[in-house]
Amino acid sequence: MTSKNSYIKAPKHSELRSDELKFTCDIGCFDFDTTDTLKPIEGIIGQHRAIKALKVGIDIESPGYNVFITGLSGTGKQTTIRKLLQEFLPKNKIKLNDYVYVNNFRDSDHPTLLFFPAGDGRKFKNDLKNTVKFLQENIPQILEKEPFLSQRKKLIAALGQSQQKLMGDFEKKLKKDNLTLGQIKTDEVTRPELFAVIENQPVYIQQIEEYVAQKKITQKEADTLVKKYTEHQDELYTVFKESLKLTQNFQSKLNELESKAVNNLVSATFDEIKNNYKHKRIKRYLDRAAENILENLIAFKYYGQKEGEDYSDYFRNFEVNLILDNSNVKETPVIIETSPTYSNLFGAIEKYNDGSGIWQSDFTNIKSGSILRANNGFLVINAIDAINEPGVWKTLKRVLLNGKLEIQDLASVYQINSSTLKPEPIDINCKVIMIGNNYAYSLLSSYEDDFNKIFKIKAEFDYEMKRSEEALMEYARIVKKLVSQEKLLEFDKSAIGKIVEYGSRYAGDQNKLTTRFAYIADLAREANFWANDVKNKIVSKDHVIKAYESAVERHSLYESKMKEMINNETYLIDTDGVRVGQINGLAVYGGNYYSFGKPSRITASVGLGNGSIINVERESGLSGNTHNKGMLIITGYFREKFGKRFPLSFTASLVFEQGYGMIDGDSASVTEVCALLSSISEIPIKQSFAITGSINQKGDIQPIGGVNEKIEGFFDVCKEKGLTKKQGVIIPHQNVKDLMLKDEIVEAVKNKLFHIYPIKTVDEAIELLTGIRAGKLQKNCKYQQHTVYGEVERHLREMKIRFKPQTNDQTKKENVNKISKVKGKN
C-alpha cells in the first residue's frame, strides 16, 4: 500500500493575475468630462446583420418577403424597426385608398366594397348623404303638383269606372235572386259577402232560419235563397279576383306614373354624383341605388310624416360605411399593433339587438382592423401574441398567401355561430414584420408548411457587439440620448466607464459589450435616481455602482436565504480540510435578469461491479438530458483512460447532495470525474477548492456558462466562513476571457486571499485538487506509480481480481496472492 508521503507532488500551476479577472474601462479614452458636451446617438449600433436583412425585406416587393425578427428582449428591436422604416421607406408619395362598404341592393347578405383615392371616401359619403336628403325633400313635392295630380286622378277615375261596371253587372244578377253584396269584418279583416234581401233589408245568410220562424218568409223561400247564395259564391270569388286585379293594375300604373314623374329628378341627381367618380364599380352601385329609389318611392312620399309607417330602416340602405379613411395619411403607413387580437387585426362585424331579443348585423356594422390600415404599408406585430390569440395565425396566414382580407366574426371562423353576412373581400398588399424569438421562429418553421413561403426574410438581432473605442463612445452617446429624452442628470466619464464595464458583464465577455440596451437604460435611470437622492448634480461612478448593487439586492432574496442556510450549516459546504470522494461543484440559479452562483457538494461512492456509473439524479427523475449526456461522457472517459488493458470492475454512484430540484447541464462533468478518481484511488480532495467545467471523452476541458456567478458564489461562502488564503476556484481556460468579476474578488486575488486557476485537462484539475501528480502512461502500459492515476489503476486491478468468480479454496488463495503482489508493486 502506498504511504501518503510517498506520493509524487504535483507541479505548481499558474493562477490568474488580478488584472485578468475583469475588463477595466480606461476612461482616458473619453474626450469629454461629462455627457453635457456629447451629441445623442442617432443611428442603430451593433445590429449590422439585422439591418441588412431588414433592408432586403423592405425593398423587395414580391409576395412572401415578409420579415420575422428574432433576438433577445431589450436589444431594441421595436426602436430599430421604427427608425429603419422611416429611413428605408420610399420618399415618393405612395397611393393610398379609402375603403367603404355599401348595401348590395341585389343581395344584402353580401355587402359591396368600393374604394377611392385617399380623401375621396369621406367625400363620397357626404355626396350620397346629400343626394338622398335632396330626394327626400323634392320627391314628395313633385308628387303633390301638376301634371302628376291630374294624371293620378285619371287613373283613379278609370279604376272607379272599371270596378263600378264589374260590380254593377254582378249586383243586377244578385237583385234578381233577392241577394245583395256587402262586407263583413272578421278578426280585423274585411271581406266581401253575399246577403239575402228580406223586407228590403240585408240579412246574413246564417240568420235566415230566424226569419222563417218569425213567418216573415216561408221555408221554401228560405231554401231558394240558400241555394242561390251557394250558386253565387263562386261568381263572388271570381268578381273579387277581378276587382283585386284591377286594384293591382291600378297600383302598378300608379307606381309607373310616379316613377316617370320623378325619374328625371332621380337620374339628374345621380348623374351629377356619377360625374365625380369614374370607377365602374361606383357607377354600377349608383345605378342600382337609383333603381331601388324608383322601386320604393313610398318611403320618400311619406318621409318626415309623424303618422304612418316608419321608413327610417329603409334609408339605412343608402348609408356609406367608411371603414378606412386615409385622408390624413401622408406617408407610407406603419402600424405597430401592440394588441394583435383577431378583431384588432382583421376587423369585425358588430351585432345589434333589434329590441325583440334577436341580434342582427348589416353592412353598416363592418369594422376594419390594423391589417387594412397597414395596406400598402407595414404591419408590426409580436409573434408570440399572434400565435396565442385565437384564430389570428390561421387567418394571417390565409391573408398573406391569398392577398385578400375577408372580414368575419371570430365565431364564424370557428363555425361556432354562422353569420349570413359575407362582405366582399379586400385586396391586401401589406408587408408584415413579426417580432419574436428563435424558439417561435423554429416552431413555426418546423410545423407550419406555409411559414417559409410567407416569411422569407429572417432578421436576427445580436445580443452583443465587439468592444472597441468607437463602441465605448457609442455607449456614452446612448446614455446622452437617454439623458436628453428623459431629462436626467448628466453623467461624468467615470460613470460612463462603469456602465461600459457592466455592459461587458452583461455580455459575459471582456472583449464584448451587450446590445441589450434596455438593461443599460435601466442602469442609467437608477444611477440618476441615486444621484438625485444625495442631491448631486452629476452622476458618477459611485452612483452607477449603487444602482447595480441595489438592483441585485432587489432580486437576491433567494440567494440570501441560501447563504443563510450555508452559514448555519443547514446546507452543508466545506471550504477547508480534505475528504475522499467529496468535492465542491458550482451551479447557477436564477432567471433572465438576475442569476447567482452557489456551491454544491458532490459525492461519489465506489464498489465492485461491471463498470457502470449510476446517476442518482437520473434515477430519481431530477436529471435533465444534458446532464445525462455528461454522465455518459464520464463513463466513456474512464473506458478510454483505464479500460483498454483490463475490464473495469467497479460500480459507482454520483449525487448532488441536498439537491431537491431539477439539475441539467454538463458543467459539473470535470467535478464528477475528480470525485470518482478520488473515491477509487482513496486520495482525498482539498475542500478549499470549487471546480466547474465540461469535459469530453479524451479528458479535455470545455467551456461553461455563468462563470462569473459561480466564482462569486463560492467566494461569498468562503468569505462568510473565513478566508484562509488557500481557497479558490478552478475554471476552464476558455472562460478566462469571460471573467468580469466584482472588485471585491479582484482585490482578494491581488492580495493572495483567493485564487483562480484556469485548466485545460482533467490532469491539471486533479493535481490542483489533490496536490499529487496525475501520472502518465509508461511504456509498460501502466500509469506511473505514486501518482493519482497510478493509484486509480492499482485499485481497479484489485477490484477486477476481487470481482472474478472464486470456485474453490485454491482459487481464493491465488487471488489473495495476486492482490498482495499488486499492492507490493505500488
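# Reading local features in a predicted model

A: Leaving aside neighbours within four places in sequence, glutamine 727 touches Thr575, Ser688, Cys718, Gly722, Leu753, Phe754 and His755; these contacts are read from a predicted model.

Q: Which backbone atom does the side chain of glutamine 727 reach?

A: A polar contact is a pair of N or O atoms within 3.5 Å. Here the side chain of glutamine 727 reaches the backbone oxygen of threonine 575 at 3.4 Å, and Thr575 is also among the residues in contact with glutamine 727.

Q: How should one check the length of a helix such as H7 against its number of residues?

A: The expected span is 1.5 Å times one less than the number of residues. Helix H7 (residues 280-295) has 16 residues and should therefore span 22 Å, and its end C-alpha atoms are 23 Å apart, which agrees.

Q: Which residues other than glycine have a positive phi, and where do they lie?

A: Among them is lysine 487, with a phi near 55°, which is found in the loop between helix H17 (469-486) and strand S19 (490-491). Histidine 786, which is not a glycine either, has a positive phi of about 65° and lies in the loop between helix H27 (762-770) and helix H28 (788-803).

Q: How is the accessibility of lysine 487 to be classed, and that of histidine 786?

A: Exposed means over 50% relative accessible area, and partly exposed lies between that value and the 20% cut-off for buried. Lysine 487 is exposed because its relative accessible area is 71%, whereas histidine 786, at 24%, is partly exposed.

Q: Which residues form a nonpolar patch on the surface?

A: The patch consists of Tyr439, Leu443 and Tyr447, which together have about 400 Å² of accessible area. Tyrosine 447 belongs to helix H15 (residues 438-447), and with a relative accessible area of 67% this tyrosine 447 is exposed.

Conventions
Residues are numbered from 1 along each chain as its sequence is written. This is a predicted model: local features need pLDDT of at least 70, side-chain atom pairs count only at pLDDT 80 or more; totals for chains, interfaces and linings use all residues. Side-chain values use heavy atoms; hydrogens and water are left out. Patches are made of residues with over 30% relative accessible area and no salt bridge: like charges are joined within 9 Å, nonpolar side chains (Val, Leu, Ile, Met, Phe, Trp, Tyr) within 5 Å. Accessible areas come from the Shrake-Rupley method with a 1.4 Å probe; for residues, only the protein chains shown count as cover. A salt bridge is a side-chain nitrogen of Lys or Arg within 4 Å of a carboxyl oxygen of Asp or Glu. Helices (H or I, at least four residues) and strands (E, at least two) are DSSP runs, numbered from the N terminus. Buried means under 20% relative accessible area, exposed over 50%, partly exposed in between (1.4 Å probe, protein chains only). A polar contact is a pair of N or O atoms within 3.5 Å; within protein, one must be able to donate a hydrogen and the other to accept it, and residues adjacent in sequence count only if both atoms are side-chain atoms. Contact means heavy atoms within 4.5 Å.
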